[in-house]
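Here is a friendly note to read alongside the model. Keep the viewer open and look up each place as you reach its point.

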Amino acid sequence: MEIYIALKVLWAVLLGVLLTGLAVMVGMDMGVGVLLRLVGKTDGERRTMLNIIGPHWDGNQVWFILGGGAIFAAFPTLYATSFSVFYVVMILLLFSMIIRPVAFEYRSKVDAKKWRDTWDWAFLVSGALPMIVYGAAFGNVLEGVGFHFSWTGQYYQDESFLSYLLNPFAVMCGVMSLSLAVYQGGAMLMLRGEEPIYSRARTYARLGAIVAAVIFAVGGVWISHMNGYVFTAPVDPGMAATPLGGPAVAAKIGAWHNNFHAYPVLWLAPAIGFIGMIFGALALQLHMKIVGWWLGVLSWIGTISTVGISMFPFLMPSSTTPAESLTVWNSTGSAYNLGWMTFFAVVFVPAILSYTSWCYYVMRGKVKVETVVNDPHSY
Amino acid sequence: MPLIDPNVVDLSRLQFALTALYHFLFVPLTLGLTIMLAAMETVYVVTGKQIYKDMTHFWGKLFGINFAIGVATGLTMEFEFGTNWSMYSHFVGDVFGTPLAIEGLMAFFMESTLVGLMFFGWDRLSKPAHLAVTYLVALGSNLSALWILVANGFMQDPQGASFDPNTMRMQFNDFTALVFSADAQAKFVHTSIAGFVAGAMFVMGISAYYILKGRNREFAARSFRMASVFGLVSTLAVVTLGDALGRLDYLSQPTKIAAIEGLWHTSAPPYAPWLIAALPNDATQSNSFEFGVPYVLTPLVAHSFTTPIPGLIDIEQASVPRVDNGIKAIAALQEYGATHSAESLATFTKYESDMGYGFLAQRYAPEQDVNLITPALLPSIEQQAVRDSIPNVFVTFWSFRVMMALGFFFIAIFAFSAYYSLKNQLEKHPLLLKLCMWSIPLPVLATEFGWVTAEAGRQPWTVFGWLPTFQSASSHNIGYMFFSLAGFALLYSAFIAAELYLMFKFARLGPDQHDAAVHHTPADKSISAPIFAKPGFANKSWE
């Protein structure tokens, strides 16, 4: 039983790691996509920007696929419910994620202005939209989503997507996520790009970091005035993983701050987020590109762990049937399954991190406009 | 428990089928081309001959165009279980999600991260290091196929998990049973080698075009020879494994094998004919027309001369007791969910193995509640449920036959091609070369029909014998389905147009044009002029 609880907590942490990895790596590429038309003024500059992330976008995109697969296996009921409840935005997200690889592969293979302009816009939309959706999903989850279950475990949705998607808090979270992506993407462009890409990217990256910091502060205050969720009956963390027949849950204003009040050391998480964003803007100002990029990673770690800590153990509260809220205790896979998943994660995550780093190491250095334009292999 | 709108279920099925079939237009080529690229580059590294590097570059470029859409559309598949099949995902996520997650961790990450180095790392890596990268990409894509088919194998023949009434889902309990499920392993080999056939036909067909045009002679001849031999060996292996799969279906999915053979009534060995053609009518449960070869069916399917093969109508009637037991299982499960009583659990455990048939009956129960089934209603519900327990015979019968006919055609075309290629007589057989060219899409088509045979033949289940398809879908508003279907249709049509345009463009340009801008090192001056001559063909149309 204790092992099962430990596995549940471990996979909640790994879920956070996955969501962070996804935000950093995919977010960076999305940020470059958004900046494509803003930073790149000529076709050569735009191609250079694409080739800066060219050798890596494919691998980065797998964070997304791995995220889907890992949530499916480690949190089956969460996967089944959240992906369906957010259907329309998930489909929009999918469309964007499908357009991007094709845009990379096809944009530069035909030398016509209209063709390339079309793909440039595709990069902008398919970069901005997923990041907004990604942040807004966090916002929606924090607010609670309307759903309940039948006795077989089939979910039923209690509100239409417009009412939960289009609310100010969620949109604000979406903008924050987009800002962090622009920051991360801009920092990457500074690392690998030369003038004039470098300076323009620096302007947008700093702006992204500052906007994110402001929203993060506003969000913290806002959350203390909105509903959080708490158990109102004793809960057994080792319970069978089902949202049915669980302990009572109530919505309570400011409850998302409870964990921080109980364990003040947890305030470190939001502090790390602020350090990342503020010092990140500063580092880029001082042309410390590498430090700036890593502070971007720290910003994401701080932000996502803040959300995770404030909600723990809730993963997706139900605003209409709070007792059927999805939590770390009631929506994971079985102990046997989590055991095997842990084994594979322990073996392969270090491998993934090492060959990914190796790829960045091999492809290191500045990407020059002339090289890109004259190389038949480039994007 | 309200029934999910049958239109939503149908549209969800349509969307899944379209996106899966579309994804699989690109996967076979990825599987096959990575292996061939690894082979070409190996020859380059061992012999140092520039032409093999050119081959790797050129076929690699076409591979890249294909790979991008393969990755993009694969993402849809990974997400669609959650977005459209929530009950399914909840029911089997604990065991089905695991191979998908392992696929990401072990295979897809490696393949996609290293493919960047494969394209961009030529000047930054030593020859052996680049070769290693190419090998790992090939290994990654084929390992991907392994884990995906392990997941699919669970849908066909659920091994390695059991139903847990406390969590209302299948729970994973035996890793080796899941991974080494005979169905999963046979299908993995069958499917990935079918990909090799597709890759071989692709390279052979485009090389045939160059040979017909008299262009890039040495390049085309070498590519053609490699592809034809590789293709012949692969096709033979695919057909062998296909037979093994049929045998496994006969053991674990008798409804599928009966549908494949258009067999309504249990066969009478040894005379029972193997139907070459028939017009199965699903409404009347009979064949309007049939034409077959006697004495073939029994040894082909059962690998024996005396075993009768169960027909669909007989399977249906034999399932009536399973429906009765299933109704008891569902009623007990529902009670257990509410009361957690030991008595209900005991009843459920007794009838558990027929639970899926209870779901089939639940559909026809008043208010979808099996407790409301009266003895008067039971006989008609039993008959409706068993009629639902078999797949669509027309679709399964014909998709199998198209796939099989194509398979035997491939053996012939690869055999002739390999023979004339090895004898250096290809130029004398322009008809064969044209046929090779026109056959490029056929292996992909064959894999699509293979998918239809396997998945349409699995119906009415998403997890064979446990969970019916009509119960697996998400309870969406029908408007959502129109929105997503329209979006997929629009995007996917645009992509296939762009893909074909680029494939034709670069295939026509050929290796010399493609490499015109690549700076060869001085040692590469040995490239003989005739191979890379003949400019100006780019405007000629494809024929």
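1. B:P270 sits in the loop of chain B that runs between α8 (254-260) and β3 (274-281). The bond that links B:P269 to B:P270 is a cis peptide bond, with omega near -5°. Most residues other than glycine have a negative phi, and most peptide bonds are trans.

2. Before going on, please note that this is a predicted model, where local features need pLDDT of at least 70, side-chain atom pairs count only at pLDDT 80 or more, and totals for chains, interfaces and linings use all residues. Residues are numbered from 1 along each chain as its sequence is written, while chains are lettered from A and ligands numbered from 1 in the order in which they are written.

3. Chain A has a cis bond too: it joins A:F312 and A:P313, with omega about 5°. A:P313 belongs to the loop between α12 (289-311) and β5 (314-316) of chain A.

4. Now look at phi in chain B. B:Y295 is not a glycine, yet its phi is positive, about 70°; its place is the loop between β4 and α9 (297-302) of chain B. B:E367, also not a glycine, has a positive phi of about 55° and lies in the loop between α13 (355-362) and α14 (378-387) of chain B.

5. Are these two buried or exposed? A residue is buried if 20 or more other C-beta atoms, placed from the backbone, lie within 10 Å of its own, exposed if 12 or fewer, and partly exposed in between. B:Y295 has 15 such neighbours, so it counts as partly exposed. B:E367 has 10, so it counts as exposed.

6. B:S286 is part of strand β4 (residues 286-293) of chain B, and with 15 C-beta neighbours inside 10 Å it is partly exposed. Beyond its neighbours within four places in sequence, B:S286 is in contact (C-beta atoms, placed from the backbone, within 7 Å) with B:W264 and B:N281.

7. In chain A, helix α1 (residues 2-39) and helix α8 (residues 168-192) have axes that come within 7 Å and cross at roughly 80°. Axes are lines fitted to C-alpha atoms, for helices over the stretch in contact, and angles run from 0 to 180 degrees between N-to-C directions. The two helices are therefore roughly perpendicular, a label for angles of 65 to 115 degrees. Among the residues that make this contact are A:G27 and A:G31 of α1(A), and A:G185 and A:G186 of α8(A). As for α8(A) itself, 19 of its 25 residues are buried, so it is largely enclosed by the rest of the structure.

8. How do the chains meet? The contact takes 69 residues from chain B and 66 residues from chain A. On the chain B side, α3(B) gives the most, with 27 residues. One crossing to find is that of α4 (residues 76-85) of chain A with α2(B), packed at about 85° with axes 6 Å apart. Here A:Y79, A:A80, A:F83 and A:S84 meet B:F79, B:G82 and B:T83.

9. Finally, chain A as a whole: 14 helices and 6 strands, with 57% of its 379 residues buried. Its C-alpha atoms fill a box of roughly 65 × 40 × 35 Å along the principal axes.

Methods:
Helix = DSSP H or I, 4+ residues; strand = E, 2+ residues; numbered from the N terminus. Parallel < 35°, antiparallel > 145°, perpendicular 65-115°, else oblique. Contact = placed C-beta atoms within 7 Å.
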